[in-house]
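Hello,

Here is the structure I said I would pass on. Please open it first, then read the notes below beside it.

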Amino acid sequence: MMTVQEQLDTKTMPVTESGCLLWIGYCDRDGYGKFQVNGKKLRAHRAAWEACNGDIPAGTSVLHKCDVPQCVNVLHLFLGTQQDNGADMAQKGRSLFGAKHNMAKLTESSVHFIRQAKLPQKKLAEHFGVSIATISMIKSRKVWGRLK
């Protein structure tokens, strides 16, 4: 069984352009990396914060400066409250964006990841539970075109 640090070391991919360190293991429906160590379920970004900075105070969230839920780069993370998170989202104009449809399988961060990934389209399709055609249309910007 791998330790927290081993999971972080083996299940991440750096994105040079953004500086993000993306979790490429299992992600929940909101796009956050998740894994288990000794029967304990962990969110990857919180585990990365704790591995570098120690315990997270109770009632505190680990927020993303980069707005990429899959990012585990501790330089892109900061501590705050849920209220801080909501204020950050509103300030950045993100509160009305995202995968709003109740049938959506992808989030904006997933789409960014797909566009930057050098992995085969088949592997991306399997990982995100969508068709290869969907991956192709995302990469060619035929869908999710409003995202930069």
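This is a predicted model. Helix α4 (residues 108-116) packs against helix α6 (residues 132-139) at an angle of about 85 degrees, and their axes are 9 Å apart. Angles of 65 to 115 degrees count as roughly perpendicular, so α4 and α6 are roughly perpendicular to each other. On the α4 side the contact is made by Val111, Ile114 and Arg115, which meet Ile135, Ile138 and Lys139 in α6. Sorted by class, this contact has 4 nonpolar residues, 2 charged residues and no polar ones.

Next, the cores. The largest nonpolar core has 18 residues, and those with the most contacts inside it include Leu22, Phe113, Ile114, Phe128 and Ile135. Helices α4, α5 (121-128) and α6 each supply at least two residues of this core. A second, separate core has 10 residues, among them Leu8, Phe35, Ala44 and Val72.

Leaving aside neighbours within four places in sequence, Phe128 is in contact with Gln70, Lys105, Leu106, Ser110, Phe113 and Ile114. Leu22 lies in strand β2. Is Leu22 buried or exposed? Buried means under 20% relative accessible area; Leu22 has 3% relative accessibility, so Leu22 counts as buried. With neighbours within four places again left out, the residues in contact with Leu22 include Lys11, Met13, Val15, Val68, Cys71, Phe113 and Gln116. Leu22 and Gly39 are 17 residues apart in sequence, and their C-alpha atoms are 23 Å apart in space.

Now look at helix α2 (residues 44-53). Its buried residues are Ala44, His45, Ala47, Ala48 and Trp49. Among the elements that cover them are α1 (4-10), β2 (21-23), β3 (34-37) and β6 (77-80). Just after α2, Gly54 takes a positive phi of about 95 degrees.

Last, the chain as a whole. The protein chain has 6 helices and 6 strands, and from the N terminus on its elements run α-β-β-β-β-α-β-β-α-α-α-α. Its C-alpha trace spans about 45 × 40 × 30 Å along the principal axes. The radius of gyration is 15 Å, which agrees with the value near 15 Å for a compact globule of 148 residues. Buried residues make up 37% of the chain. Of the contacts with a separation of 6 or more, 46% are between residues 24 or more positions apart.

Regards

Key: Residues numbered from 1 in each chain as written. Predicted model: local features only at pLDDT ≥ 70, side-chain atom pairs only at ≥ 80, totals over all residues. Heavy atoms only, no water. Axes fitted to C-alpha atoms, helices over the stretch in contact; angles between N-to-C directions. Helix = DSSP H or I, 4+ residues; strand = E, 2+ residues; numbered from the N terminus. Parallel < 35°, antiparallel > 145°, perpendicular 65-115°, else oblique. Contact = heavy atoms within 4.5 Å. Nonpolar A, V, L, I, M, F, W, Y, C, P; charged D, E, K, R; others polar. Core = buried A, V, L, I, M, F, W, Y, C linked by side-chain atoms within 4.5 Å. Buried < 20%, exposed > 50% of the residue type's maximum accessible area, 1.4 Å probe, protein only. Rg over C-alpha atoms; globule rule 2.2 N^0.38 Å.
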